[in-house]
Each structure stands twice: as C-alpha cells, then as structure tokens.
Amino acid sequence: EAPSGALHFDDLVAAEQKIEPRDWMPDAYRKTLIRQIAQHAHSEIIGMQPEGNWISRAPTLKRKAILLAKVQDEAGHGLYLYAAAETLGVSREELVNLLLEGRQKYSSIFNYPTLTWADIGAIGWLVDGAAIVNQVPLCRCSYGPYARAMIRVCKEESFHQRQGYEILYTLSHGTPEQKAMAQDAVDRWWYPSLAMFGPPDGDSTHSEQSMAWKIKRFSNDDLRQKFVDMCVPQAEILDLRIPDPDLRWNKERGVHDYTQPDYAELMRVIKGDGPCNRQRMEHRRSAHEDGAWVREAAAAYAQKKADAKKK
Ligand code: FAQ
C-alpha cells in the first residue's frame with residue numbers, strides 16, 4: 001500500500017510543481033538527490049585545484065584577479081550545494097567525510113592535469129560549457145532547493161565560460177606559439193569534457209528513474225549531443241580545431257555526428273585511476289586537516305555566543 005504522502009508527491013511531480021524539504025518523498029528519491037547533489041558539491045570543491053594551480057602564474061594582474069574570482073565562485077557553489085543537500089537531512093560534515101573516505105564521487109574531469117595557461121581557457125570554454133549544458137535543465141529539477149541553487153550557479157557559470165572562451169580567442173589570435181598552445185589544450189580537454197555527461201544512456205544506471213522523477217530532464221547522450229552542436233560554431237570563431245576527424249553535420253538527423261569519448265577510460269577515472277586522482281584526494285585531505293583549527297574556532301565562538309545569550 002502506498003504511504004499517505006505518495007499520491008501528493010506523484011501529483012506534484014506530474015504538475016511540474018516543486019518538492020520541498022518538508023514534503024513526503026520516497027526514500028530512493030531522497031537518496032538519489034543526496035548522491036547527485038553531494039557529487040556535484042564535491043566536484044566544485046575538488047574543481048578548484050586544477051585552476052588554483054595557475055593563480056600564481058596567470059600572465060597579467062587582470063587575468064590573475066579574474067581567475068581568483070572564478071575559483072572563489074566555485075568554493076561558493078560547493079558550499080551552496082552542500083546547504084541544498086542538508087535540506088534532505090544529511091550534514092555537510094557527513095558528506096565531506098564520505099568524500100574523504102572515497103565513498104562518494106566527484107566529476108571525472110578534475111582528475112586531468114592543467115599543463116599550460118591555455119588549459120585555463122579550455123576549462124572555461126569546454127568544462128564550464130559542459131557544466132552549463134548539464135545544469136540549465138537542472139534549474140527545472142523537481143526538488144526545489146536544488147533547482148533554485150542551479151539558477152544562481154548557472155549565471156556564474158556563464159561568466160566562467162565566457163572568460164575561458166576569451167582566453168582561447170586571445171591566444172588563438174596571438175603568436176603561432178600561443179595558437180599552438182591553445183590548440184594543444186583543446187586537443188587534450190575535448191574528450192574528457194564529452195565524458196563529463198556520464199556513461200552512454202544504455203549503461204546509465206540512474207537515468208530512467210531520475211528522469212521519471214524529473215530530477216534529470218534530459219538523458220546523458222541528449223545533453224552530450226547538445227554540447228557538441230553548441231561547440232562547433234564556437235570553435236569556428238575561435239579558429240581552433242575540434243580534435244575529431246569524424247565530426248560532421250548530419251542533414252537527416254539535424255545534428256552533428258561525432259566520435260564518442262573512451263568510456264572505458266571514464267570508468268577507470270571514476271574508480272580512482274585517472275592521471276591526478278591520488279594527488280587531488282591527498283590535497284583535499286591535507287587542506288581539510290589544516291583547516292581543523294578554523295572549524296574548532298568557529299564552533300567555540302558559536303558556543304560562546306550561545307552561552308552569552310543564556311545569561
Ligand atoms: N564523473 O547513472 P549515471 C562543475 C557516475 S561541473 C564521475 O548516468 P547520474 C563546474 C554516477 O555518479 C561537474 N562520476 O548517473 C565546475 C553513477 O555512479 P554512482 C559536476 C560519474 O547521476 C567547472 C554512475 O557513474 N556536475 O563542477 C560521471 O544519473 C570548472 C552511473 O552514471 C554535476 O555533478 C562523471 N563524469 O548522471 C567546477 C552535475 N558520470 O553514484 C570547477 C550534476 C557518471 O551510482 C571548475 N550531476 N558518473 O556510484 C548530474 O547531472 C549527474 O549526476 C551526471 C551523472 C550526469 C553527472
């Protein structure tokens with residue numbers, strides 16, 4: 001027999017209304033959201049590392065200030081998303097521990113190294129571009145706090161995408177060496193960016209249920225296709241080549257045919273065996289340990305305030 005709130009939940013989802021924290025929801029819906037929102041939050045926090053690597057080496061003061069602001073935005077998105085997850089009855093501390101113990105994932109993309117300044121351009125153009133394509137539909141997710149968080153996050157992501165695009169445009173219209181550096185970065189980031197959308201639909205364990213619940217609004221492959229179609233005209237303006245010899249417009253289907261990323265590589269990276277997984281996790285663990293005194297001081301201060309109120 002269905003629990004009393006179940007009918008209400010199904011009606012709300014069918015009517016495109018939002019589920020709010022105090023509403024009844026199936027356990028599996030709650031679990032799926034915690035998993036996805038936490039993975040998203042962890043990605044923002046771990047995602048600060050590849051770019052943080054270039055803050056001290058940005059080519060001008062202006063570039064440095066912009067990159068610093070972008071990386072700070074990512075910290076903000078992470079905290080915002082942890083707060084959204086907390087509305088489902090978990091604590092940020094629990095989620096952070098699950099990440100540190102390797103029991104929750106973060107996006108595969110942040111396990112690749114940033115070798116040159118052009119990588120900062122490629123991350124902005126491709127990685128933030130992919131994030132936007134994935135996240136704009138999440139603004140219509142059935143869970144209210146996540147959907148609302150995505151609206152703000154997407155606005156900031158579009159600024160991030162534009163700054164990366166502008167870096168690549170500048171390099172590609174600079175010296176031959178700068179142009180080659182931009183091309184090399186696009187060559188290395190293209191396929192990992194395609195893999196960000198997850199396994200192909202046939203292998204995606206959660207898609208069907210998440211789409212029925214209107215958490216996900218499009219399948220992994222549909223979003224990947226949207227991303228490819230968006231990048232092609234942008235690459236033309238950038239005067240950079242997408243590293244796929246089989247990329248071409250398909251008149252019948254009205255979309256581009258393209259080469260799929262290596263999904264076996266995606267699985268290896270997800271399981272912890274990418275080029276930078278160990279480095280990223282070690283860095284996160286030591287940052288967490290180094291920050292213990294801040295958490296203790298904040299808790300002691302909050303306690304002091306609460307005690308003072310009681311007097
Ligand atoms: N990496 O059944 P599905 C950003 C896992 S953007 C790692 O298809 P689902 C911005 C998946 O968790 C990046 N794991 O799963 C930024 C599942 O494993 P599980 C973050 C992946 O959830 C830019 C299994 O494979 N964005 O941070 C990946 O329906 C620059 C089966 O897959 C988000 O997280 C992957 N690429 O669809 C920050 C967006 N793909 O949990 C800094 C929200 C799949 O069963 C700098 N998330 N897996 O053990 C989503 O939209 C979805 O969770 C997908 C995966 C589309 C990622």
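Student: What percentage of the 311 residues in the protein chain is buried?

Tutor: The model is predicted, so local features require pLDDT of at least 70 and side-chain atom pairs pLDDT 80 or more, while totals for chains, interfaces and linings use all residues. Residues are numbered from 1 along each chain as its sequence is written, and side-chain values use heavy atoms, with hydrogens and water left out. Buried means under 20% relative accessible area, exposed over 50%, and partly exposed in between, with a 1.4 Å probe and protein chains only. By that criterion, the buried share of the 311 residues is 48%.

Student: What is the mean pLDDT of the protein chain?

Tutor: pLDDT is the predictor's confidence in each residue, from 0 to 100. In the protein chain, 99% of residues reach 70 or more. The mean pLDDT is 97.

Student: What radius of gyration does the protein chain have?

Tutor: The radius is taken over C-alpha atoms, and the globule rule is 2.2 Å times the number of residues to the power 0.38. For 311 residues, a compact globule would have a value near 19 Å, and the protein chain agrees with this. Its radius of gyration is 21 Å.

Student: How many helices and strands does the protein chain have?

Tutor: Both are DSSP runs numbered from the N terminus: helices are H or I with at least four residues, and strands are E with at least two. On that basis, the protein chain comes to 13 helices and two strands.

Student: Is Ser 210 buried or exposed?

Tutor: Ser 210 lies in helix H9, residues 207-212. Its relative accessibility is 1%, and therefore Ser 210 counts as buried.

Student: Which residues does Ser 210 touch, not counting those up to four places away in sequence?

Tutor: Contact means heavy atoms within 4.5 Å. With residues up to four places away in sequence not counted, Ser 210 touches Thr 32, Ile 215 and Lys 216.

Student: What is the relative accessible area of Arg 268?

Tutor: Arg 268 belongs to helix H11, which covers residues 263-270. Leaving aside neighbours within four places in sequence, Arg 268 is in contact with Asp 273 and Gly 274. Arg 268 is classed as partly exposed because its relative accessible area is 43%.

Student: How far apart are the C-alpha atoms of Arg 268 and Pro 199?

Tutor: Arg 268 and Pro 199 are 69 residues apart along the chain. Their C-alpha atoms are separated by 12 Å.
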